[in-house]
Amino acid sequence: MCLGVPGRVIEIHDNLALVDFFGVSRQVRLELVDEPVAPGDYILNHVGFAIRRIPERDIEGTLAMYRQLLHEAETDLMAADVQGELKGTRT
Amino acid sequence: MSASGTERPGEAGASEASLSEGPEGTAAERRPRAPIIDSATSELKFRDPDRGAALAGALAQTVAGIGRAPVSVMHVCGSHEQAIARFGLRSAFPPDLHVIMGPGCPVCITDQPEVDEAVALARQGVRIATYGDMVRVPGTAASLADAEAEGARVDVVYSIDQAIALANAAPDPLVFFATGFETTAVATAAAILSGLPANFFVLSAHKYIPPVMEIVAEMPDSRIEGFVAAGHAATITGWGVFEAFVERHRVPVVVAGFEPLDILAALVRLAELIRDRICTVENLFPRCVTREGNLVAQRQLWDVFTPIGGRWRGIAHIPNGNLRLRDRWSHLDARRRFAIDLTRLWDDAPSSLSQQCQCGDIMSGRKTPADCALFGADCVPENPVGACMVSSEGTCRIWHEYGVQHR
């Protein structure tokens, strides 16, 4: 429930960002993020809200684990939680 | 497990692993008390195996350098336990280092009377929406799933936005049973501040992590010599929130991310701090955590919620550990909007099994699932006795799913 999932911002309309999560586009609310977010930035999504703009450095390390988990079957406990984070976003 | 014939497809691997010491005897007999290792899933999956091996070596050396054994440290995050179990990290820990999961599962620490309130509302005909695992968590005698089986309307959502969409689609009152730590409470706060449908109400069981660390650190039988703080909760609160804690309790805190290498690196640093008797907060997750945290989110959190003392399931009364809606939002507060009748629920006695549940001692770090006679025998994910076997972030569920066991 606190793991979140990172994604890359595609475009922004007011307080909603269209975010690419490993090939899946979803809308994420921006009211909680504490830095300006622009297309191309990475954000951490948790239950439908961006809670952090993730600096570009080290991002590949962060993405690697999620990429693996998103491709696991939902019978994997941790993978199911990460996939649940995507289900909380608007399509 | 297998013997009871209740496992569902896809769990055979974990079950077989749990039963590898033979299906005979009670759970307690099967699990002699000894250092923890992982078994079936213990193949390490570091994205940088050389760095993983180097960190594991440094951890062994540092723990040995402390000069006493065992050394116990606690993390307070279900996602950390998932990563430790999922990636088989315990096999990379030296046997003298006990890494214990504390009260880091928001579903698990939601107290029975809080679940009872949601169940009572559901039975009174009020539609309930809540995060997935909450549905199966037992209250005093019943869960929301029980109420749903009796005809109550209970919806699982993955975000408060989805609950709002449900309320928008039908005119009936909808109560969002809001659970989770500060990472999730900020989402509830932001949704409230941006405006809710008139038929939307909030039953807050949100919890705030920093106060419970105080209680666990003060427990007279605590063996905890250092804490690993949860990276994403600290993304909200900032690491500075732990400075006063470290000062008061004279134990180091290291903030950690969630990747296997993040966790190993944090444990190495924590072991060094214990070895060198340095009580400080160190942030090993700087890409997400700053000293002051996310001030925008904090402002919304405290605009909507006020901290109040309350019980955390099986652990203790935690001063300032619960988040209640401020008076300004009382018109949204399900506790004020509805007369919640709990008396009927308390006519049902809790099951005798639930009285043997060890969740409280497990969540406060005094026991592990293997110390519980019910674990994997009378208490399994399909038929859980305690909340820790329900939630994907519960210690018992994680150990069961990933085949963590004692050697």
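Colleague: In this predicted model, which hand has the crossing of α4(B) and α16(B)?

Modeller: The axes of α4(B) and α16(B) come within 10 Å, crossing at roughly 15°. As for hand, the crossing of α4(B) and α16(B) is right-handed.

Colleague: Are α4(B) and α16(B) roughly parallel or roughly antiparallel?

Modeller: The two axes cross at roughly 15°. Angles under 35 degrees count as roughly parallel. Therefore α4(B) stands to α16(B) as roughly parallel.

Colleague: Which residues of α16(B) make the contact with α4(B)?

Modeller: From α4(B), the contact draws on B:Glu81, B:Gln82, B:Ala85 and B:Arg86. By class, the contact of α4(B) with α16(B) has four nonpolar, two polar and two charged residues. The residues of α16(B) that take part are B:Thr395, B:Ile398, B:Trp399 and B:Tyr402.

Colleague: How many residues of α16(B) are buried?

Modeller: The buried residues of α16(B) include B:Cys396, B:Arg397, B:His400 and B:Glu401. Also among them are B:Thr395, B:Ile398, B:Trp399 and B:Tyr402. The helix α16(B) is largely enclosed by the rest of the structure, because the number of its buried residues is eight of eight.

Colleague: Which residue follows α16(B)?

Modeller: The residue after α16(B) has a positive phi, near 65°. That residue is B:Gly403.

Colleague: How many residues does chain B bring to its contact with chain A?

Modeller: Chain A supplies 31 residues to this contact, and chain B supplies 42. Helices that each give at least two residues to the side of chain B that touches chain A include α4 (78-86) and α16 (395-402) of chain B. By class, that side of chain B has 19 nonpolar, 16 polar and seven charged residues. The number from chain B is 42.

Colleague: What percentage of the residues in chain B is buried?

Modeller: Chain B contains 16 helices and 13 strands. Of its 407 residues, the buried share is 57%.

Colleague: In chain A, which residue in the turn between β1(A) and β2(A) has a positive phi?

Modeller: Strands β1(A) and β2(A) run antiparallel and are joined by five bridges, with A:Glu11 opposite A:Leu18 in β2(A). They form a hairpin with two residues between them. The residue in the turn with a positive phi, about 50°, is A:Asp14.

Colleague: What is the bridge partner of A:Arg8 in β4(A)?

Modeller: Strand β1 (residues 5-13) of chain A runs antiparallel to strand β4 (residues 42-46) of chain A, with four bridges joining them. In β4(A), the partner of A:Arg8 is A:Tyr42.

Key
Residues are numbered from 1 along each chain as its sequence is written. Chains are lettered from A and ligands numbered from 1 in the order in which they are written. This is a predicted model: local features need pLDDT of at least 70, side-chain atom pairs count only at pLDDT 80 or more; totals for chains, interfaces and linings use all residues. A residue is buried if 20 or more other C-beta atoms lie within 10 Å of its own, exposed if 12 or fewer, and partly exposed in between; C-beta atoms are placed from the backbone. Two residues are in contact if their C-beta atoms, placed from the backbone, lie within 7 Å. Ala, Val, Leu, Ile, Met, Phe, Trp, Tyr, Cys and Pro count as nonpolar, Asp, Glu, Lys and Arg as charged, and the others, Gly among them, as polar. Two strands pair if DSSP finds at least two bridges between them. Axes are lines fitted to C-alpha atoms, for helices over the stretch in contact, and angles run from 0 to 180 degrees between N-to-C directions. Angles under 35 degrees count as roughly parallel, over 145 as roughly antiparallel, 65 to 115 as roughly perpendicular and the rest as oblique. A crossing is left-handed if the near helix is turned anticlockwise from the far one by less than a right angle, and right-handed if clockwise.
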